[in-house]
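Here are some questions and answers for a reader who is new to this structure. Each answer works towards the value or name asked for.

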Amino acid sequence: MEVGRLPISASQRGKLIRAGYTTLSSLSSLSPSDLARGAQTAWDMLHEEQLLRRITTSCADLDNILGGGINCKEVTEIGGVPGIGKTQLGIQLAVNVQIPVDLGGLGGKAVYIDTEGSFMVERALQIAEASVLDMVEYNDLLRKEHRKCQVNLKPNDLLESIYYFRICSYTEQMAVISYLDKFISAHKDVKIVIVDSVTFHFRQDFEDLALRTRLLSGMALKLMNLAKTYNLAVVIFNQVTTKYMEGSFQLALALGDSWSHSCTNRVILYWNGDDRYAFIDKSPSLRSASAPFSVTGKGIRNSASNHKRIKLM
Amino acid sequence: MADKLIKEMGLPKSMANVFAARNITTAQEALALTDFELMLLLDVGMAEVSSALARISEIACPPYQTALALMEQRIQKEGHGGHLPTGLKGLDEALCGGIPFGVLTELVGPAGIGKTQFCMKLSLLASLPTAYGGLNGRVIYIDVESKFSSRRMIEIGVQSFPDIFNMKGMAQEMAGRILVLRPTSLSKFTESLQQIQVALRQQQVKLVVIDSMTAVISGDYGQGASRQHLLGWHVSFIKSLAEFSRIPIVVTNQVRSQTRDEGCQYSFQVRSTEDPVGYDSHLVAALGINWAHSVTIRLVLEAKSGQRFIKLAKSPMSPPLAFPFNITAAGISLLDDYGRELKGAEINKIHSHGHSDVINFDGKGCSDQWGKPT
């Protein structure tokens, strides 16, 4: 297996590759002190990662275009057609935020706000189980000689660290987002808030569009404050609608033009032929690019396709 | 939660009075205004407004659960971990047990493919005692196009579970658990939904079937945005019914040809491709993309080269599998329990090649898998 495809953050991968370790076998033949020889390097990696604080998506290509993963202190909006994998990505992130600091993760917990009822515990368990297996495998490799460093997490532990809110109306949605300030100050280990989806309750039968715009922008502001105050990642999912633009009907994310300015980063998940792709539509710091990913029994993973990896726009 | 009264929230008396004076009585009304608007309306300082809103939000917010607690609750309290087994082994495995409780499952496909057959079988399964894999409960079947046939359903029962149905009085009892409603207009349909809400609280209703959702409004109104807008309230309501009573709700949807009005690419895709995507005519699910977002599980029933398939087009917990099936005297049966995994967007396409069967509900038109009439 190549280092480039390991489910660890992109900057760690980059460092390993630049130091010349491109396959797992090359790593496994080393002792930790060899790796630590750039003693600085190994420690720096972990240290810098903590400062940069990105949550991996478990897909190397997706992490790459995101600059290493989902960023804390920012709101990332992710939209796509039904069935493309938004909820899958949400569950994957809720699990990945819990990857221990020793393995390059944040060791945090997740808040999952479900407005549509799409969160299926059976699937969360599948993803948690696969994640634990990946962590054990990676840990074994890193700590080859110090086997006493075990990964103590079990899939049920991962499920226990996901705080699940089921929201059934737009009022409850406003309420939970306001309440999160108090909740997170009491649960400071929460490092990601996922809203799946932000659209649903605002799309059904909302007569007063001016009110809708006001409520949505108020909500976007609160989420941004939450992200900055508590140094966590906020990921919100949006649905898709059709819009008449440039002479034809096209797909666009829902909730209108004023909403489209509200989020810092905007990622669109779409079908490109037979593959799922993600496109960075808007970001102050990331370059516009698209990358393939896939949804497997284990969760979000690299695409198995042989096509050229990342396409820069 | 949205209707919680402000006066019962334990706010400081002065604040509670101010809200009442401005006629803001429920959480919904208070949260519909921004902090600033409330400050102006109530004529109090920002600090008081913020703390009042924080309190109101905390009360109006539903309680949380850890995902672990959610899972344990489902396994302990609900039959089959919160699923209605369909009796189709491959499908049940892919769905981690069967049709899930608490969410909408959609069956979409061309006319005569077997959606109603499947619904009737599910209704029967839900009414069966738990010892036979059922939910031992009542079923409410909203039959918009008058396709439900009790005779066919009893036939399915007798063929699938002969030992129960040949017992005296059993057929009558099982059939007696299924209530069929036939609303003739959108407003009558709305009434039916509200009746269902009442029934859910009082009786042991374990499954609601709506056959078909498309027919509900196709008679009254035109296509496009107006249709989607009409469904808006209904979709939310039906989803909340499923959620609160933790029952499966199965909805059927029809198909139509894709029109030129459909977008299928984003603006960044349009820019980068040189040749415009040709609109080859194929079938799509009716009711639009907004509806497609609202259902949790979408099962596509289609026919390719004369063979019928049931596909898991949208499911948060299953791979994109397609199972070949036939309609038999015992309902639907899969020809292969392993299914074929489809790549990419193929799982969403709906085909109707070589499909011309129309099922006759008097039993005369039904044939077994070898084509012999039964």
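Q: How far apart are the end C-alpha atoms of helix 11 (residues 209-230) of chain A?
A: The model is a predicted one. Helix 11 of chain A has 22 residues, and at 1.5 Å a residue these should span 32 Å. The distance in the model agrees with that: the end C-alpha atoms are 31 Å apart.

Q: Where do the buried residues of helix 11 of chain A lie around the axis, on the same side or on opposite sides?
A: The buried residues include A:L211, A:L215, A:M219, A:L223 and A:Y230. They cover an arc of only 165° around the axis, which puts them on the same side of helix 11 of chain A. In general, an α-helix has 3.6 residues a turn, so residues three or four places apart point the same way. The answer for helix 11 of chain A is therefore the same side.

Q: Which exposed residues does the face of helix 11 of chain A turned away from its buried side carry?
A: Exposed here means over 50% relative accessible area. On the face turned away from the buried side, the exposed residues are A:L221, A:K228 and A:T229.

Q: Which residue has a side-chain oxygen that reaches the backbone nitrogen of A:A210?
A: The contact is at the start of helix 11 of chain A, and the two atoms are within 3.2 Å. The side-chain oxygen belongs to A:D208.

Q: How many aromatic pairs does the structure hold, and is the pair of A:F279 and B:F268 stacked or edge-to-face?
A: Over all chains, the structure holds 17 aromatic pairs. The ring centres of A:F279 and B:F268 are 3.7 Å apart and their planes are at 20°. Planes under 30 degrees apart count as stacked, so the pair of A:F279 and B:F268 is stacked.

Q: Which elements hold A:F279 and B:F268, and are the two residues buried or exposed?
A: A:F279 lies in strand 11 (residues 275-282) of chain A and B:F268 in helix 14 (residues 267-272) of chain B, so the pair joins two chains. Relative accessibility is 4% for A:F279 and 3% for B:F268. A value under 20% counts as buried, so A:F279 is buried and B:F268 is buried.

Q: What is the angle between the planes of B:W233 and B:F237?
A: B:W233 and B:F237 both lie in helix 13 (residues 225-245) of chain B, 4 residues apart, or about one turn of the helix. B:W233 is partly exposed at 31% relative accessible area, whereas B:F237 is buried at 11%. Their rings are stacked, 4.8 Å centre to centre, and the angle between the planes is 15°.

Q: How many residues of helix 7 (residues 115-127) of chain B are buried?
A: Helix 7 of chain B reaches 19 Å from its first C-alpha to its last, close to the 18 Å expected. It is mostly covered, and the buried residues number 13 of 13.

Q: What is omega of the cis peptide bond that joins B:D211 and B:S212?
A: B:S212 lies in the loop between strand 7 (205-211) and helix 12 (213-218) of chain B. The cis bond from B:D211 to B:S212 has an omega of about 0°.

Q: Is B:D43 buried or exposed?
A: B:D43 lies in the loop between helix 3 (35-42) and helix 4 (46-60) of chain B. Its phi is positive, near 60°, in a residue other than glycine. At 65% relative accessibility, B:D43 counts as exposed.

Definitions and conventions:
Residues numbered from 1 in each chain as written. Chains lettered and ligands numbered in written order. Predicted model: local features only at pLDDT ≥ 70, side-chain atom pairs only at ≥ 80, totals over all residues. Heavy atoms only, no water. Expected span 1.5 Å × (residues − 1). Buried < 20%, exposed > 50% of the residue type's maximum accessible area, 1.4 Å probe, protein only. Arc of directions from axis to C-beta. Polar contact = N/O pair within 3.5 Å; in protein donor to acceptor, adjacent residues only side chain to side chain. Phe/Tyr/Trp six-rings, centres within 6.5 Å; stacked < 30°, edge-to-face > 60°.
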